[in-house]
Amino acid sequence: MTRIAIHAITRKGAELAQRLAAELPDAQLFVVDRQGDWGGASALSVPLADHLAAQFGRFDQHLCLFSVGIATRLLAPLLQDKRRDPGVVCIDEQGAFAVPVLSGHRGGANAMAAEVARLLSATAVLTTASDASQTLSVDTLGVPFGWQLDPECEPSLTQAASAVVNGRQTLIWQQSGQKQWWHPECAMPGHLCVSEAATLPDSTDYQAAVIISHQARLPRLSIPTVVWRPRSLVIGIGCDRNTPLSVLRQGLTAFLQQHNLHLASVARLVSIDLKVDEAGIVQLAAELQRPFDCFDAPTLDRVEGIENPSETVRRCIGVSSVAEAACLHASGAKALLVPKHKSAGEGFNMTLAACELPFEEPLMSRSRKRFVGQAPIPVTAGGHRGLKTSGEARPIRHYRHHLVVCEGGRCQRSGAEGLAHQLRQQLKQLSLHRGPDRIKVTRSHCAGACRQRATAVIYARKPDANHGLWLQSLETLTQAQWQALFAAMSLGVPLSQVLPPECIAEQEAAP
């Protein structure tokens, strides 16, 4: 939980501070009124400088209802390190502007200013280069997802950030973790390039790199490199009853080292419900500050993908696997990252296995990125490029289904700008852009269904199960989901069987 302090020193400032405090229920309000003219019984009579000095380190964010100049003069002596200093946002008395003054990136003041601006209908004044130019912020990239910045890359942060904001070629190599870290509303600039390859691409032509990986040992690069550790690993664990914490800790450490996995990337520990009160595992999870979840035997017995079933284990507890089954079930992965690994210590036995959490990315979010080997993305991906507008008229090409996609203003803001263009590319991959099952995609300006976010409607030449069906929240669909949608359309399969229910729009019955 973010600890927030709100400071006011004038009557109008106090009124605005109270509004903010009502919207931020966990925030603590401080009103400094040394004369006692307007602050009320709870007003503080101490000098503002003394008050700020006493409270500075107690909070993660400080919202100051006074000028940037006052904040700068009073806070300057309190500053220690940008990695530890709290965020400071100054807000004018009229509630028109929210200005991050201190720790905009690492301390979260930029994000706090954006939230204050939303609450007050104000303007967040972001002056950090990466925010102003809407490019990659290497030092806060993983913060929204709970990733950990590898301490070893601290010396490279400034140089890597400088490379990004100054337009130098930068490689982003992602092996694991959430993939929606790029702004969905704009195309990635040409000097940033993404790779999701299993091995590091050739870095010869790059001046900086960002690596997102759960691997403990990574290739050494000669360019400034920032490393983020995503929470992407689920560890299945089983052990003898009353196995000591020291044995479990040592076993987990050896397991991670042997298989080149980083401790910071462990998202959770999982096991069978017989271990829910296993003191050593409970203590290990608490020590790591990770959840420990358990599942019953029937659930684990239905898991597919187990590589090392044991009949001995089945006779004892009713399932053939604990560590493998638990991490497969908890992660939703189709296969193990590391199969069952046995270890022992002080006369106790334990087993460990690991799975990687699968993370999907909506097609439109992915289309905004530039990948290694891909040309820079056009600013308007869905524009009319190269259309023939002269010559003799020809018959309209046959199509079996017509998908009318809304790319009106609100749909674009929902992340659907250029969606029709991307869908045509998917149809080409499936060979559904021609032939008897051709699906025609047309952009509309506004479908009049803005509350459904990005929308589309389907019409069939010969009415079938999907004729007249409205779809919604299309910006959330992944490439795999779009391909399943098109395959179902071509076969006449109801889309309700392949799409999440929230993507099928409810339609009013005809009168």
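Guide: Contact here means heavy atoms within 4.5 Å. By that rule Leu16, Arg19, Leu20 and Glu23 in H1 meet Val116, Leu119 and Leu120 in H4. Helices (H or I, at least four residues) and strands (E, at least two) are DSSP runs, numbered from the N terminus. This is a predicted model, in which local features need pLDDT of at least 70, side-chain atom pairs count only at pLDDT 80 or more, and totals for chains, interfaces and linings use all residues. Residues are numbered from 1 along each chain as its sequence is written, and side-chain values use heavy atoms, with hydrogens and water left out.

Visitor: At what angle do the axes of H1 and H4 cross?

Guide: Axes are lines fitted to C-alpha atoms, for helices over the stretch in contact, with angles from 0 to 180 degrees between N-to-C directions. For H1 (residues 11-23) and H4 (residues 109-120), the axes cross at roughly 105 degrees and come within 11 Å. That makes H1 roughly perpendicular to H4, a label that covers 65 to 115 degrees (under 35 is roughly parallel, over 145 roughly antiparallel, the rest oblique).

Visitor: Which residues of the largest nonpolar core touch the most other members?

Guide: A nonpolar core is a set of buried Ala, Val, Leu, Ile, Met, Phe, Trp, Tyr and Cys residues joined through side-chain atoms within 4.5 Å. Buried means under 20% relative accessible area, exposed over 50%, partly exposed in between (1.4 Å probe, protein chains only). The largest core has 29 residues, and Leu403, Leu423, Trp482, Leu485, Phe486 and Leu495 touch the most other members. H15 gives the largest share of this core, 5 residues. Apart from it lies another core, of 24 residues, including Leu16 and Ala122.

Visitor: In what order do the 5 strands of the open sheet run?

Guide: Two strands pair if DSSP finds at least two bridges between them. The order is S7-S11-S10-S8-S9, with mixed pairing. S7 (148-149) and S9 (192-195) are the edge strands, each pairing on one side only. Inside the sheet, S8 (residues 170-174) and S10 (residues 208-212) run parallel and are joined by 5 bridges; Gln174 stands opposite Ile212 in S10.
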